[in-house]
Amino acid sequence: MTDDHGLSINALPDEILLCVFRTLSATEFVATLPLVCDRWSRIVASDACTLKRIGMHHAKSTANVEFFYFRDENERSLMFHWPSDEYAARLLQCGDSHGAGGPVTPVKRVGYAKAFYLCARYAEICGHVAALVISSNLSVYATDGFTYVDRLTTLVLHGVRIREVDQYTLAELGTVYINVLDVVYVKCSLASRFDLKFLHSGFGQLRRFRVDHNAVGVRFLEDLLHAHRGTLETVVLGDCTVTGDRWIDVLSDRLRGRTINRLSMHSAYFTDRCVNRFLTSTDLVLPDDRSKVTIDSALSRISFSIDIDPLR
């Protein structure tokens, strides 16, 4: 690592080296640089700001793990509301270095076993990783391969076929990742006999929940709002149809005095009369600016999105 004049890159001060390191891919930053020498490992570990902007993606191939950058501090929050159809493309964009603009570079991958070894060895580094995206079969989580991500706060399942036997794996993930606050299911398929409560029941600190499935029942909605009544702030049922005609009673009852920042869903059971009754309920704390409340009657269905100020 010297030039023609015999100068070594290690002659550079730490702050200059760190600026160079930040231009590399997230995988190189997390999984390669720390192996070079103790100094580089220490420099990477000291850059908590950058590390907190790195996520981990367990790819379709069970042998591969990807690390990716969030472009700014708001990217992880925006991740929760990415449109379902754009999710894969947006995730690929995060694989680029976190400088804005420029072409998207291919996402580099490391072997699953190697990632486990690296992260176990450099727990201080990967301890900052706050987001994990899973797009592979959940059977791989029969091992303790990801228990080292002890500061994980966002868990996303993207395009996963969830079988009936996986419901207990989901429950176990909730105990492994005890700090998870946000859980997102995007374009996942569920077995016909899958117990929907396992989508959320294992996460004891659940703050935000999103699911994009074909249909969820009023019973599921009631259980979700009841089980996490002390923590839940956001519910997005993005591409779901809520089945059952008791939705207005369930929401009015379960949202009474709740800290719900956003509620988005649609149902064939929604009518203009019921939606207006729901929006004017004295049980709900709605924002003063009602322009944030929209009602869309497209396709003969009523859908609405509500931003509710958190209770003080």
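**Reading the labels on a predicted model**

Me: Why is V183 called buried?

Reply: Buried means under 20% relative accessible area, exposed means over 50%, and partly exposed lies in between (1.4 Å probe, protein chains only). V183 has a relative accessible area of 0%, and therefore counts as buried. This residue is found in strand β7, residues 182-186, where a strand is a DSSP run of E with at least two residues, a helix is a run of H or I with at least four, and both are numbered from the N terminus. In the chain as a whole, buried residues make up 47% of the 312 residues, and there are 12 helices and 14 strands.

Me: Which residues does V183 touch, not counting those up to four places away in sequence?

Reply: With contact taken as heavy atoms within 4.5 Å, V183 touches F80, L155, L199, F203, L206, R208, F209 and R210. Among contacts in the chain between residues at least 6 apart in sequence, 71% join residues at least 24 apart.

Me: What puts the buried residues of helix α12 on the same side?

Reply: In α12, which spans residues 272-279, V275, F278 and L279 are buried. They cover an arc of only 95 degrees around the axis, and therefore sit on the same side of α12; the arc is that of the directions from the helix axis to the C-beta atoms.

Me: Why is the contact between D14 and R39 called a salt bridge?

Reply: A salt bridge needs a side-chain nitrogen of Lys or Arg within 4 Å of a carboxyl oxygen of Asp or Glu. The closest N and O atoms of D14 and R39 are 2.7 Å apart, and the pair therefore qualifies. The pair links distant parts of the chain, since D14 is in helix α1 (residues 14-21) and R39 is in helix α3 (residues 38-46), 25 residues apart. The side chains of R42 and D14 also meet in a salt bridge, at 3.2 Å from N to O, and here R42 in α3 and D14 in α1 are 28 residues apart. The structure holds 12 salt bridges, and one of them joins D253 to R254, with the closest N and O atoms 3.9 Å apart. Salt bridges that share partners join D14, R39 and R42 into one network.

Me: Why does D14 count as partly exposed?

Reply: Its relative accessibility is 28%, and therefore D14 falls in the partly exposed class. The label also applies to R42 at 47%, to D253 at 36% and to R254 at 24%.

Me: How many disulfides does a search of the whole structure find?

Reply: The search finds zero, given that a disulfide requires a pair of cysteine sulfur atoms within 2.5 Å. As for individual cysteines, C37 is partly exposed with a relative accessible area of 24%, and C49 is partly exposed with 43%.

Note on methods
Residues are numbered from 1 along each chain as its sequence is written. This is a predicted model: local features need pLDDT of at least 70, side-chain atom pairs count only at pLDDT 80 or more; totals for chains, interfaces and linings use all residues. Side-chain values use heavy atoms; hydrogens and water are left out.
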